[in-house]
Amino acid sequence: MPFKLIALDIDGTLLTTRGEITPRTSQAINQAKELGVQVVLVTGRRFNSARELVLRLELDIPLVSHNGALTKNIETLEVVDFHPLDDGIARDVISFGRQHGVDMICNDDPHGLGTMVIEGISPDNKAMHRYLNLYRSSVVEVPDLVKYVQAPQIQLTVSGRCDPTEEFELKLREAMDGRVQIFKTRYRSYDLTILDVLSTSASKGESLATIATRQGIAREEIMAVGDNHNDLTMLRYAGLGVVMGNAEDELKQMGFEQTASNEEDGVAKAIEKFILGS
């Protein structure tokens with residue numbers, strides 16, 4: 001059965017470590033589009049930080065952002081699919097994070113370009129400071145994040161060094177007892193782990209399934225490519241899941257097809273092999 005839809009993760013998959021799309025990858029995507037194959041980006045990024053990339057690729061299908069919590073039309077900003085995190089649950093997560101001294105970002109404004117609401121970040125959390133400085137126009141600082149959250153949110157984000165952040169993940173999972181989804185993105189080479197806390201109905205796989213249903217595409221007609229733990233739901237949903245050569249070792253042992261790394265045109269090689277037949 002020929003593939004009709006390609007679902008691509010962005011960071012660590014579509015982009016090189018320098019944040020670039022290689023010419024070979026751009027060409028492969030365009031060739032697939034010329035064959036009538038639809039291409040959708042399914043990312044853990046915020047909507048606005050991924051929107052520019054989708055516009056550059058001239059994709060005419062909604063953007064799945066925030067690990068599946070929010071899918072929007074990139075031009076009209078129309079919300080296509082939204083899985084809000086209950087405000088009461090969000091306050092509980094924020095309070096628990098405070099008890100354990102973690103820094104947290106509250107992602108709000110699902111109907112606009114999105115805001116990152118914070119109540120102050122530890123000076124030691126250099127990775128989060130670098131990230132917030134990149135998108136300073138989207139950052140809102142409030143004196144009390146718990147008091148701020150009076151309506152459902154898109155997601156909560158925690159990030160920091162791998163080991164302590166993943167220790168907090170275990171504690172949070174136990175404390176929340178199935179009331180949230182937690183998606184992990186780990187970059188061992190940078191000693192950075194990102195935890196995204198979402199509604200239990202939100203995931204990359206669920207949002208990909210929603211798009212496929214609306215487009216009349218069977219899961220067997222979908223190829224998904226990713227590199228990290230937060231990609232697992234879409235890799236498992238797709239008829240063909242492909243992991244990058246730079247993927248986490250755990251993903252490489254799960255029986256998915258493998259391609260080259262993001263520095264070696266891995267996405268292009270997957271499209272050429274499974275879509276273009278070259």
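Is Cys162 buried or exposed, and what is its relative accessible area? In this predicted model, Cys162 is buried, with a relative accessible area of 0%; buried means under 20% relative accessible area, exposed over 50%, and partly exposed in between, with a 1.4 Å probe and protein chains only. Cys106 is likewise buried, at 0%. The structure holds zero disulfides, a disulfide being a pair of cysteine sulfur atoms within 2.5 Å.

Residues are numbered from 1 along each chain as its sequence is written. Because the model is predicted, local features need pLDDT of at least 70 and side-chain atom pairs count only at pLDDT 80 or more, while totals for chains, interfaces and linings use all residues; side-chain values use heavy atoms, with hydrogens and water left out.

Cys162 also belongs to helix 7, which spans residues 162-176. Helices (H or I, at least four residues) and strands (E, at least two) are DSSP runs, numbered from the N terminus. Helix 7 has 15 residues and reaches 21 Å from its first C-alpha to its last, close to the 21 Å expected at 1.5 Å a residue; the expected span is 1.5 Å times one less than the number of residues. The buried residues of helix 7 are Cys162, Thr165, Glu166, Phe168, Glu169, Leu172 and Met176. These residues cover an arc of only 155° around the axis, which puts them on the same side of helix 7; the arc is that of the directions from the helix axis to the C-beta atoms. On the other side, Leu170 and Glu174 are exposed. The cover over the buried residues includes helix 4 (87-99), strand 9 (155-160), strand 10 and strand 11 (192-198), where contact means heavy atoms within 4.5 Å. Asp177 follows helix 7 and has a positive phi, near 50°.

Two strands pair if DSSP finds at least two bridges between them. Strand 7 (residues 115-118) runs parallel to strand 8 and is joined to strand 8 by three bridges; Met116 stands opposite Val139 in strand 8.

Most residues other than glycine have a negative phi. Asp109, however, has a positive phi of about 65°. Asp109 is found in the loop between strand 6 (104-108) and strand 7, and is partly exposed, with a relative accessible area of 29%.
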